[in-house]
Amino acid sequence: MQSKPTTICIDTAGVEALCQSCGVCCSTFRISFYWAETTAAEGGYVPVEMTEQMNLYRACMKGTSQTNPKCSALTGTLGESVSCSIYENRPSPCREYEVFMPDGSLNPRCNQARAKHGLPPLDVRFVPAV
Ligand code: SF4
Ligand code: SF4
């Protein structure tokens, strides 16, 4: 009988590395937000040329409203090494996405997205550094 793999525990510093070796959320969901987050509006910061206007009020990251979404700001290879080319200016959904749930378990949407890309589930738990 195969033994269950050990759960990997990570703290805040480990989350960045985890996501840099995954990236599937940037290639699974439509990333939409209020249009005024884009540089088309005064004070906006998301480069408007990397977005699509969806309607009067909402924009989305270019490439994420198609059948097989892929954000135009994502570089690298999914499941290996990725980065966001506009990280400092990414929109609110990317900033607000909770990688971990309040009990420390991984957001189930992460492994759902990984499955869609044929990647194995991550068995990680967030444990705050003391
Ligand atoms: S799917 Fe989850 S683990 Fe993967 S990059 Fe996105 S937030 Fe990070
Ligand atoms: S803007 Fe950056 S973080 Fe947000 S979906 Fe695109 S690549 Fe991912």
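Around ligand 2 lie Cys26, Ile31, Met61, Cys71, Ala73, Leu74, Cys84, Ile86, Arg90 and Cys94. The model is predicted.

Reader: What makes a residue count as one of those around ligand 2?

Author: The criterion is a C-beta atom within 6 Å of the molecule. Cys26, Arg90 and Cys94 are among the residues listed around ligand 2.

Reader: What is the make-up of the shell around ligand 2 by class?

Author: The shell has 9 nonpolar residues, no polar residues and 1 charged residue. Arg counts as charged, whereas Ala, Leu, Ile, Met and Cys count as nonpolar. Arg90 belongs to the residues around ligand 2, and it is therefore the charged member of the shell.

Reader: Which residues have the most contacts inside the largest nonpolar core, and what makes this set a core?

Author: They are Val24, Cys25, Ile31, Met61, Cys71 and Ala73, in a core of 20 residues. A nonpolar core requires buried residues of the nonpolar types named for it, joined through C-beta atoms within 7 Å; a residue is buried if 20 or more other C-beta atoms lie within 10 Å of its own. Strand E4 (58-61) and helix H3 (108-116) are the elements that give two or more residues to this core, and E4 gives the most, with 3 residues. In soluble globular proteins, nonpolar side chains tend to be buried together.

Reader: With which residues is Ala73 in contact, its neighbours within four places in sequence left aside?

Author: Ala73 is in contact with Met50, Met61, Cys84, Ser85 and Ile86. The cut-off for a contact is 7 Å between C-beta atoms.

Reader: Why is one side of strand E2 and of strand E3 left without a neighbour in the sheet?

Author: The open sheet has 3 strands in the order E2-E4-E3, with antiparallel pairing. Strand E2 (32-34) and strand E3 (51-53) stand at the edges with a single partner strand each, so one side of each lacks a neighbour in the sheet. On average, neighbouring strands of this sheet are turned by 35° against each other, direction ignored.

Reader: How many bridges join E3 and E4?

Author: E3 and E4 pair in the antiparallel sense over 3 bridges. At least two bridges are required for two strands to pair, so E3 and E4 qualify as paired. Gln53 has Ala59 of E4 as its bridge partner.

Reader: How many helices and strands does the protein chain have?

Author: The protein chain has 3 helices and 7 strands, running β-α-β-β-β-β-β-α-α-β from the N terminus on. Buried residues make up 25% of its 130 residues.

How values were computed. Residues are numbered from 1 along each chain as its sequence is written. Chains are lettered from A and ligands numbered from 1 in the order in which they are written. This is a predicted model: local features need pLDDT of at least 70, side-chain atom pairs count only at pLDDT 80 or more; totals for chains, interfaces and linings use all residues. Helices (H or I, at least four residues) and strands (E, at least two) are DSSP runs, numbered from the N terminus. A residue is buried if 20 or more other C-beta atoms lie within 10 Å of its own, exposed if 12 or fewer, and partly exposed in between; C-beta atoms are placed from the backbone. Two residues are in contact if their C-beta atoms, placed from the backbone, lie within 7 Å. Axes are lines fitted to C-alpha atoms, for helices over the stretch in contact, and angles run from 0 to 180 degrees between N-to-C directions.
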